[in-house]
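Here is a short tour to read alongside your structure. Please keep the viewer open as you go.

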Amino acid sequence: MAAETGTPTTLTLKSNDDELFSVAESAAILSVTIRNMVEDGCAGGVIPLDNVDGKTLASVITYMNGISAIPADEEKKKSYRDKFLSDKDFETLADMVLAANYLNMSCLMDAVSAKIAQVMEKKSVGWVRRKFGIENDYTPEEEAAVKEEHKWTFEGVETDDDN
Amino acid sequence: MEDWNDIPEELLFLVLANVLGKDRYSFSLVCESWNRVAKASPYHPSPCLMTFNRKSNHVSKYFQHNCFFRMNFPTLLKDATVRFSNDGWLLMMSPDDRTLFFFDPFNNQTIELPPIPSHRTMYNTICFFHPPTSPDCLIVGILSNTHHEVEVGVLKYGEDRWDVVLLDIDHQFNVSFCPPILHDGKIYFLDVIGNVAWFDMTDGRSGCLSSVNNFGGNWWKIYAIGCFM
C-alpha cells in the first residue's frame, strides 16, 4: 500500500476489448466499484472491467486523473467537467454514462446526464427517437392519451392576455 | 453504445432531471418506458409559478425556467380554490367550502380527502408536509371556532378521519390565513394581529410564544417565515 512504501500505488485496469491501462489508485477510487475492490483487497492484479471498452475507459481515466488533481473546490471541478465534456460527441456521451454507471461514479453520471439532456433541448419527439434509436412502441390510441394528459401549449415569451 | 432501449431506468431518471418544460413532454412521448420514467421521476422540476386565467378558470398558466406555458385544468375542478401547495401538489378546496382534495396538475391526478369534521367551518389556514403519496404525509388545518377557541385538525396519510385538538390558549386568538410552519415537531402559526402560537404534534401541548398586542399594520400583511438556526 502507498502508506507503507511511500510511493503512489497504481492499479491496472483492463477494458472488455483487452486494453490495459495504468492509473493511480488515488484517482481510480473515484469509482466506487473500484474503491470497493481495493478495500476488499481484490485489486492486486489486473482489474477487468467487462462493461467498458478501451476507447471509453481511456476517456474515463483522463477524467479521473483530471478531476482528482483538482483540490476540493467544487467550482473548479465543475468547470473541469464542463470543459472535459464539451468536445464529446453523442455516441461517446452515451457510452460514458453507461461506463460511469457501471463504475459507480456519481459526479460523472450527473454531468454526462445533464449533457445528454441538453441534446434533447427543444427537439421534436421524432428527432429524439431517431437520435436515441428508440422505437415508438405506443399504439396511436396510447400516444393520443399521453398527449391528452400533457396538454401543454408552449408559448415562449408572451404578453399577459388575462386582463 | 449498444442501445438506448436497454438503458437502466436510474440513468433515465438522471437525464430527465435536466430536461425542462416542454422537453419533458417530448420525453414522455418518446416511448412507453420513458413515459413510465417521467411519471415516476423522483426529481422535481424547479419551482413553478401558477396563475389562473380569470376569464376561464379551468386554464392555468405557469411560469418556469423563464418560460410561460399553459395547461387545462379539468372542468371538474372549476371554481375550486387552491389553499396550499408543496411537492408539486395543490391542496384544493371545493366551491362548497367543505371538501378538500389534492391535485397534481402535472400528472392530472386527484386524491380525495375525508370531509372536515362536521359542524365546523373550513380551516382559516391549512398546510401539508410531505407529498400526499408519502406515508409521512400530514395535513394540518387550524381555525378559530365560534367559542373563540383554537382548533387544530390533523389528518395523517391513509387515515379516514381528522383528529381534532382544542388548544389551550388563554386569550382571544383569531387564526390568520398565513400558512403554518413546522419545526422540530411543533407547528407555529399566527393570529391576525401577529401573535405566534405553537402546537406540539407529538404530545399535543400548545402555547403562545408572544403576545405582541397588535403588531401594527394590516392583518393580511403579516406572515410567518421559518428561519430556525
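## The sheet in chain A

In this predicted model, strand β1 (residues 10-14) of chain A is joined to β2(A) by five bridges, and the two run antiparallel. Thr10(A) sits opposite Ala24(A) of β2(A). Strands here are DSSP runs of E, at least two residues, and helices are runs of H or I, at least four residues, numbered from the N terminus; two strands pair if DSSP finds at least two bridges between them.

The open sheet has three strands in the order β2-β1-β3 (chain A), with mixed pairing. Because β2 (20-24) and β3 (46-48) of chain A each have a single partner strand, they stand at the edges with one side lacking a neighbour in the sheet.

## Confidence and conventions

The pLDDT, the predictor's confidence in each residue from 0 to 100, averages 84 for chain A, and 87% of the residues score at least 70. In residues 152-163 of chain A the pLDDT is below 50; this stretch has 32 contacts (heavy atoms within 4.5 Å) in the model beyond near neighbours in sequence. Where pLDDT is low, predicted coordinates should not be read in detail.

Residues are numbered from 1 along each chain as its sequence is written, and chains are lettered from A and ligands numbered from 1 in the order in which they are written. Local features need pLDDT of at least 70, side-chain atom pairs count only at pLDDT 80 or more, and totals for chains, interfaces and linings use all residues, while side-chain values use heavy atoms, leaving out hydrogens and water.
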